[in-house]
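Hi everyone, thanks for coming. Please have a look at the sequence and the structure on the screen, and then I'll walk you through a few parts of it.

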Amino acid sequence: MSPVRTRSPAQSKKPQQNVGVFLCEKTPKTSLVALWDNFKGLENIPEFIDKICNICKLKSVPVLLNNRWELLKATKADGVHFDEIPSKYKTIKKSISEKSLVGLTCNKDLEII
């Protein structure tokens, strides 16, 4: 499986840039789409995220934002994925919807779980 990099319409005339979206090809079902927090050059980040969410919702695929929890209320994203536990995690958890999915990178550290 090779990842497919997608671009916003605004980027179509520019050289391909990594906008942080990877969808797996040739899989029976994509389980989740994670948007990396690399939005350099995008003028309207929430609009871009919502376009991706609209595509994913057609297939019932949730979309998580990497680290950018503050964009949850401004977008249709289903949740957030953190690279590490934020120092203000309890405050963040209170400010996002109870229905939001929350993921965490654990690497080899079972104590995080």
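Let's begin with Glu-47, which counts as partly exposed because its relative accessibility is 41%. Keep in mind that this is a predicted model. Glu-47 forms a salt bridge with Lys-51, and their closest N and O atoms are 3.5 Å apart. Where do these two sit relative to each other in the helix? They are 4 residues apart in helix α1, so about one helical turn separates them. Lys-51 is partly exposed too, at a relative accessible area of 39%.

Now the helix itself. Helix α1 covers residues 45-57, which is 13 residues, and from first C-alpha to last it reaches 18 Å, close to the 18 Å expected. Several of its residues are buried, among them Ile-45, Phe-48 and Ile-49. And what do the buried residues of α1 pack against? They pack against β3 and β4.

That brings us to the sheet. Its 4 strands run in the order β3-β4-β5-β6, the sheet is open, and the pairing is parallel. β3 and β6 stand at the edges with a single partner strand each, so one side of each has no neighbour in the sheet. On average, neighbouring strands are turned by 25 degrees against each other, direction ignored. If you zoom in on β4 and β5, you'll find 3 bridges joining them, and Leu-64 standing opposite Gly-79 in β5.

Next, the loop between β4 and β5, where we find Thr-75. Is Thr-75 buried or exposed? It is buried: its relative accessible area is 11%, and the cut-off for buried is under 20%. The side chain of Thr-75 reaches the backbone oxygen of Leu-71 at 2.9 Å. Leaving out residues up to four places away in sequence, Thr-75 touches Pro-46, Ile-49, Asp-50 and Leu-65.

Finally, back to salt bridges; the count comes to 3. In one of them, Lys-57 pairs with Asp-78, with the closest N and O atoms 3.1 Å apart. Lys-57 lies in helix α1 and Asp-78 in the loop between β4 and β5, so this pair ties together parts that are 21 residues apart in sequence. Arg-68 and Glu-70 also meet through their side chains in a salt bridge, at 2.7 Å from N to O.

How values were computed
Residues numbered from 1 in each chain as written. Predicted model: local features only at pLDDT ≥ 70, side-chain atom pairs only at ≥ 80, totals over all residues. Heavy atoms only, no water. Expected span 1.5 Å × (residues − 1). Buried < 20%, exposed > 50% of the residue type's maximum accessible area, 1.4 Å probe, protein only. Contact = heavy atoms within 4.5 Å. Pairing = 2+ DSSP bridges. Axes fitted to C-alpha atoms, helices over the stretch in contact; angles between N-to-C directions. Polar contact = N/O pair within 3.5 Å; in protein donor to acceptor, adjacent residues only side chain to side chain. Salt bridge = Lys/Arg side-chain N within 4 Å of Asp/Glu carboxyl O.
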